[in-house]
Amino acid sequence: MQKNILVLPGDGIGPEITEQAVRVLKAVTQGTDLNLNFIEGVIGGAAYEAAGHPFPEVTKTAALAADAVLLGAVGGPQYDNLDRPLRPERGLLGIRAAMGLFANLRPAILYPQLADSSSLKPEVVAGLDILIVRELTGGVYFGQPRGIRETEIHGQTLREGFNTMHYNEMEIERIGRVAFDAAMKRNKKVCSVDKANVLETSELWREVMIRVSRDYPEVELTHMYVDNAAMQLVRWPKQFDVMVTENLFGDILSDQASMLTGSIGMLPSASLNDKGQGLYEPSHGSAPDIAGQGIANPLATILSAAMLLRYSFGRGDLAARIESAVSTVLDQGLRTADICTPQDRKVSTIEMGDAVVAALN
Ligand code: NAD
């Protein structure tokens, strides 16, 4: 079986970390019937420099034609003064919209070897394994109308900013199904996070989640208000299996959950559309402060490559081999600078890639 992967290294540490993930993908598929063809493209600041736009037409065409996309990260201080539509982040929004990536999957897993990196007590986080499913193309980030306008209040003209939150039943149902399908492969628990005591969008969200749950009798569905969810994530995060929530709440909660693991360089993500295509990227940014130094942690990108094999190519077996190789490397005490304690052996980005490839064999 031949599959095409579009590789978009992007900016900052992007090229260094995607290079290691590609090496791991090549190594894990060697000798299997899965034949990967890698095509390289540009996005973000790198695309602005090469083609004058952060998401050029040529990248869009290649993304729509690919079976999956592996992305490094975009952004950097040298682009901060560009007009908003030309900023690197627009490349990311552009590719998400073009591919219709409505489901963002962010696992927050604490590797036992890294329990001391968390800001929470080891007994609170040891064994943590949560999957946050965030709706990515709806809600207040995309709602119309939006803008800044002048308004009369008590005879005074004031400017007011406004955004609107919309969700229709189809949008809620399809993200609900992603969450329940994922829960079926895990511990069969879904916690739907909303603000149904205040928001009508949440009232509908809750109603549709209950409807979807009827097709998954084995999965336990609970509901939680978002303010409580933020509290519970810090109080006792291991109560959760899969959390599903709308765009804005998911943006905040997934960052909060990722920090429970104490190591941003370890966390992968997948964004999926309804055709089984996906975009896979680390949860962190382009880390311009350490770019080009060969010290970035490539594990989040390597683990994103594992998600790619699992979710886009149905090869959970190969994904598990990568995840187990990462665990072996951590057992060996190898650490990049971001997760290194005095007892560990500090390695470079390339040495970490070497070690994962060696552990695969
Ligand atoms: P960041 O995640 O890039 O970096 C935050 C801190 O974590 C930095 O100290 C960095 O050195 C460190 N870090 C991040 N990834 C690391 C890794 N793999 N190994 C070791 N250390 C790592 O966040 P930021 O500093 O807020 O943003 C920098 C740039 O990245 C900005 O331009 C921002 O817009 C962009 N950004 C891009 C994405 C994306 O492409 N998805 C996401 C977030 C931020």
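1. Which polar backbone atom is 2.9 Å from an oxygen atom of the ligand? That of V74. This is a polar contact (a pair of N or O atoms within 3.5 Å; within protein, one must be able to donate a hydrogen and the other to accept it, and residues adjacent in sequence count only if both atoms are side-chain atoms).

2. Basis. The model is predicted: local features need pLDDT of at least 70, side-chain atom pairs count only at pLDDT 80 or more, and totals for chains, interfaces and linings use all residues. Side-chain values use heavy atoms, with hydrogens and water left out, and residues are numbered from 1 along each chain as its sequence is written.

3. A polar backbone atom of S286 is 3.1 Å from a ligand oxygen. For N297, a backbone N or O atom lies 2.9 Å from a ligand nitrogen. The protein buries 67% of the 810 Å² that the ligand exposes when taken alone (Shrake-Rupley method, 1.4 Å probe).

4. The shell. There are 19 residues around the ligand (a heavy atom within 4 Å of it). V74, E89, G285, A287 and D289 come nearest. By class, the shell holds 9 nonpolar, 6 polar and 4 charged residues. Gly counts as polar here; Asp, Glu, Lys and Arg count as charged; Ala, Val, Leu, Ile, Met, Phe, Trp, Tyr, Cys and Pro are nonpolar, and the others polar.

5. R106. This residue sits in strand β4, residues 103–109 (strands are DSSP runs of E, at least two residues, numbered from the N terminus). R106 counts as buried because its relative accessibility is 11% (buried is under 20%, 1.4 Å probe, protein chains only). Its side chain makes a polar contact with the side chain of D255, at 3.0 Å.

Technical notes. Helix = DSSP H or I, 4+ residues; strand = E, 2+ residues; numbered from the N terminus. Buried < 20%, exposed > 50% of the residue type's maximum accessible area, 1.4 Å probe, protein only.
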